[in-house]
Amino acid sequence: MWSRVRGWGGAAGGSCRLAARFLAGPASGREAAGAARQAGRPHSKIQKLFSTSSVLSTEKDESTPSKDSTTKVASKSQGSTAETPKQKLLDIIGDMKVEVSYRKKLQQLKAHENKKQATNKLEGPDSEGTMLQKAKEDIQRGKPLNPELVEAASAVASSLPLNKKQTESELLAQLRRHEETTDKQKKGGTINIRNVISEMSVKRQSPAERGVRISSRIFLESDEDGQRIRPGRVSPQSFDSRRSLKVGKRLNIFTKASTETEKALKTVSSPTIWDLEFAKEIAAITAQPPRNGFEEMIQWTKEGILWEFPIDNEAGMEDDAEFHEHIFLEKHLKDFPKQGPIRHFMELVICGLSKNPYLSIKQKIEHIEWFQKYFEEKKELLQEI
Amino acid sequence: MAASMLGWALQAARQVLPSACTRQVRSYYVDWRMLRDVKRRKLAYEYADQRLRINAIRKNTILPKELQEVADKEIAALPRDSCPVRIRNRCVLTSRPRGVRRRWRLSRIVFRHFADHAQMSGIQRAMW
């Protein structure tokens, strides 16, 4: 009944995810078999999930609204799968965050995607043949999800009020998509990200920010010129922002400014003695004695005599390392023997070091290496024993 | 003007060129005992890590005793002035070894002198 024909066509990787999606509803055996055919490894995960989800989702009333929603999900997903897979991410995030009813949400999204359905209708029948190939590719490429992630997904789905099975399957689909996109990134497929991000920001506005605007309107009424207009204004505003966002599609996240500064630094040669003393002379002349107490304190702060206020407890401490580098020091014990008193001793040493907040990581590593050297030197002695 | 320029140049030179030759450092401590105490403190700072680690091996019930005996000999072989026990908290101004308040690093006589002249922040003659 849900036209899977259209659903399968379009974005790569959508097929597997869709299978999961469709199975979310009252799982028909036919579809389950179909999914099993296509999704080899992930299918077992899905099965496991459904077994758990059936236990978790005790409410049977949910099944009837889920039926209705799945139809809309299907119709929505017709167009959505044809687009970038990140659309679904938006949908799901939107679902979870906004407290609008599920059906309204679908209707809204449908309205947005109606435009794109037309283009995808053409693609649908053509790519049906490639659907199976893509599915196979996905199976080969896709790594099986972490069982912990799967459990977490099921727990989250159970906590949410609506459509537990569906949200669960959607979450899993998302996770799989995440992994897929990371694989793509590794292989160098960065083009999708730009579209994705620009699309993401565009889509997010209308459902989520309407609520924000309504609430902000109350606060900002006095600040504005009094031109606060009814919700009719919201759509053109969102349209403007959409347009403005789409206009500047280049996401200049990574600028190339660093190369220029490097070149500038290279031109400066090592300062000669004359340059140094000239600089010192200038500094001596320009440094006038402080006119008042404030300037004196400023001078002292610059010199380092006076601390900076508000006092930061980490002044002078430049430990850029994360906490896990301080605590998990077992990797430094690779060269030690795995049994015996020395290992026992070193484990105690590491335990003490992990609790030490005063040493930097370099110092801790040096500590361990000193012991290593020491025991290396005493090897012959140790072997006698 | 030329002299000052030369002076600046020399200072700059001292900074630019790393001091390879160790010159005689002339600074005036109150007395020789204070100077020796300063040397002990420097050495103790240098050897602090090493002493800590060798002591960790010595004061142990896990490692074999032979290893601990070797560590004993090693720590005894370190310079005598490197142990922190030999440091004496002398008065900073008079080098008096006894009657020194740790917070101010001053002997009682100097402390009293400054406190009476109201040159010690937050110190007042006690009266109760």
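Predicted model: local features only at pLDDT ≥ 70, side-chain atom pairs only at ≥ 80, totals over all residues.
Me: How many helices does chain A have?
Reply: Chain A has 385 residues. Its secondary structure includes 0 strands. The number of helices in chain A is 18.

Me: Which pattern does chain B follow along the sequence?
Reply: Chain B has 128 residues. Its elements comprise 4 helices and 2 strands. Read along the sequence, they give the pattern α-α-α-β-β-α.

Me: What percentage of the residues of chain A count as buried?
Reply: A residue counts as buried when its relative accessible area is under 20%. Chain A exposes about 25000 Å², with carbon and sulfur atoms supplying 58% of that surface. Of its 385 residues, the buried share is 33%.

Me: Among contacts in chain B between residues at least 6 apart in sequence, what percentage join residues at least 24 apart?
Reply: Contact here means heavy atoms within 4.5 Å. In chain A, residues 24 or more positions apart account for 74% of the contacts with a separation of 6 or more. For chain B, the corresponding value is 39%.

Me: What area is buried between chain A and chain B?
Reply: The two chains meet through 21 residues of chain A and 23 residues of chain B. In chain A, Lys280(A), Trp370(A) and Tyr374(A) lose the most area to chain B, together 27% of what that side buries. Carbon and sulfur atoms give 78% of the area buried between the chains, which is about 2000 Å².

Me: Which residue of chain A forms a salt bridge with Glu74(B)?
Reply: Across the interface, the rule finds 1 salt bridge. A salt bridge requires a side-chain nitrogen of Lys or Arg within 4 Å of a carboxyl oxygen of Asp or Glu. Here the closest N and O atoms are 2.6 Å apart, so the pair meets that limit. The partner of Glu74(B) is Lys378(A).

Me: How many nonpolar residues does the side of chain A that touches chain B have?
Reply: Helices H13, H16, H17 and H18 of chain A each supply at least two residues of this side. By class, the side has 2 polar and 5 charged residues, and its nonpolar residues number 14.

Me: Is Lys42(B) buried or exposed?
Reply: Lys42(B) lies in helix H2 of chain B, which covers residues 32–58. The relative accessibility of Lys42(B) is 55%. The cut-off for this class is over 50%, and therefore Lys42(B) counts as exposed.

Me: What distance separates the C-alpha atoms of Lys42(B) and Pro84(B)?
Reply: Along the chain, Lys42(B) and Pro84(B) are 42 residues apart.

Technical notes. Residues numbered from 1 in each chain as written. Chains lettered and ligands numbered in written order. Heavy atoms only, no water. Buried area = accessible area lost by both parts, 1.4 Å probe. Nonpolar A, V, L, I, M, F, W, Y, C, P; charged D, E, K, R; others polar. Buried < 20%, exposed > 50% of the residue type's maximum accessible area, 1.4 Å probe, protein only. Areas by Shrake-Rupley, 256 points an atom, 1.4 Å probe, with all protein chains shown as cover.
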